[in-house]
Amino acid sequence: MDDIEIPEYFICPISLQIMQDPVTISTGITYDRDSIEHWLFTTRNTICPVTKQSLPNDFDLTPNHTLRRLIQSWCIDNASNGILKMPSPKPCLDKCHLLKLIKDLHLPRRQIKTLIELEFLAAENERNRKYMGETGLPKALLMFIVTCFKKTQMDGIQEAVSILKLIRVSSKDSKEILIENYQIIESLTWILGWCNDNCNIIKSHAVSVLKMVLEDASSSVLERLKPSFFQSVVGVIRENITQQGLNAALKVLLNACPWGRNRITMVESGAVFELIELEWRSPEKKTTEYILGILFHLCSCADGRAKFLSHRGGIAMVAKRILKVSPAADDRAVLILAMICKFSGTNMVVQEMLNVKAVSKLCLMLQADCAPYLKEKAREILRSHSEEWKNSPCIDISIVVR
């Protein structure tokens, strides 16, 4: 088969494989359907991969039947050379059938069967997920979850959050449902408090959905978040959920940080301790950036700094991440140390910074290839306690004062 010359126009420009279901987009370029759908719907790209032209919002994927027949004929002619017969393309999801399934969600006798079918269709391909989003399924599923919450009914919840995670909740849908029914936040929070078989997978999916719902929420919504909400999200962080679920939970907290009331509630919910513990046991770039981002906000209040300093590994964790993760992590880490030094720089804290090599890291930053403002912030911290650190072999006063 390696010796067979495949016509160039049979090859998908994205996958570089023979196209099984060729479709042409508005720019005139033909791709394999699965590849272009993944490009458009999963990565949220809005340009043609080949021409780099912008695509209109209402463009269609037009089946290229002529090319498909040519590829099929070529495959048959080369079957003796190991070329497999071209499979028939999967039929498009019938929108009428999908609308019927959405209606069946309101019928108690058919709910579970309907949810199982919807989950199968959502997992099948990107095309199905796109149609599901366009026909209002996310909103219907969110309302189903609210109904389950009111009845304390768990049947169907696993399927519902799994589908929502696959098809995503659009900004438009989330805004509309939060205006119409604020209980969706309470409903998803209720799921985070579950304790049964497969609960970690369900919680991971639920917190991912919660992140989508709150991503474009208004200030009035984010200001009304209850202590029970933060207790549930912080509780998820200490559990063994998926990495994706953890990052979703952290993003939820980070998005709620700009409001002072939320920061105080997070501190009271034990967020500082759990974030430090999580970073020690599960360092991952995006996770670290989220954790340091949240800790930066929480350390802006006195109670947050007190909780941070009460954890014996807090300063050490922040220092260890400097110059090891990313510029974004460096930014948050240095600003955390700056707040600690400025507002809570007792003799004990200053000595601890020396002992856990936080001072050494700050000195390294002055010589590293990092943003000038970070170097200046590191120099500012070093100057603020230079008297206490000047006799240490890890600090060169000449670097600090110049």
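Predicted model: local features only at pLDDT ≥ 70, side-chain atom pairs only at ≥ 80, totals over all residues.
When neighbours within four places in sequence are set aside, Asp104 is in contact with Arg110, Gln111 and Thr114.

## Packing of helix 19 against helix 22

Helix 19, formed by residues 327-344, packs against helix 22, formed by residues 372-384, at an angle of about 25°, and the two axes lie 10 Å apart. Since angles under 35 degrees count as roughly parallel, helix 19 and helix 22 are therefore described as roughly parallel to each other. The crossing in which helix 19 passes helix 22 is left-handed.

On the side of helix 19, the contact is made by Pro327, Asp330, Asp331, Val334, Leu335, Leu337, Ala338 and Cys341, which meet Tyr373, Leu374, Lys377, Ala378, Ile381 and Ser384 of helix 22. Sorted by class, this contact has 10 nonpolar residues, one polar residue and three charged residues.

The structure holds zero disulfides. For Cys257, the closest cysteine sulfur is that of Cys301, at 9.6 Å, which is too far for a bond, because a disulfide requires a pair of cysteine sulfur atoms within 2.5 Å.

Cys257 is buried, with a relative accessible area of 0%, and Cys363, at 9% relative accessibility, likewise counts as buried.

Note on methods:
Residues numbered from 1 in each chain as written. Heavy atoms only, no water. Axes fitted to C-alpha atoms, helices over the stretch in contact; angles between N-to-C directions. Helix = DSSP H or I, 4+ residues; strand = E, 2+ residues; numbered from the N terminus. Parallel < 35°, antiparallel > 145°, perpendicular 65-115°, else oblique. Left-handed = near helix turned anticlockwise from the far one by under 90°. Contact = heavy atoms within 4.5 Å. Nonpolar A, V, L, I, M, F, W, Y, C, P; charged D, E, K, R; others polar. Buried < 20%, exposed > 50% of the residue type's maximum accessible area, 1.4 Å probe, protein only.
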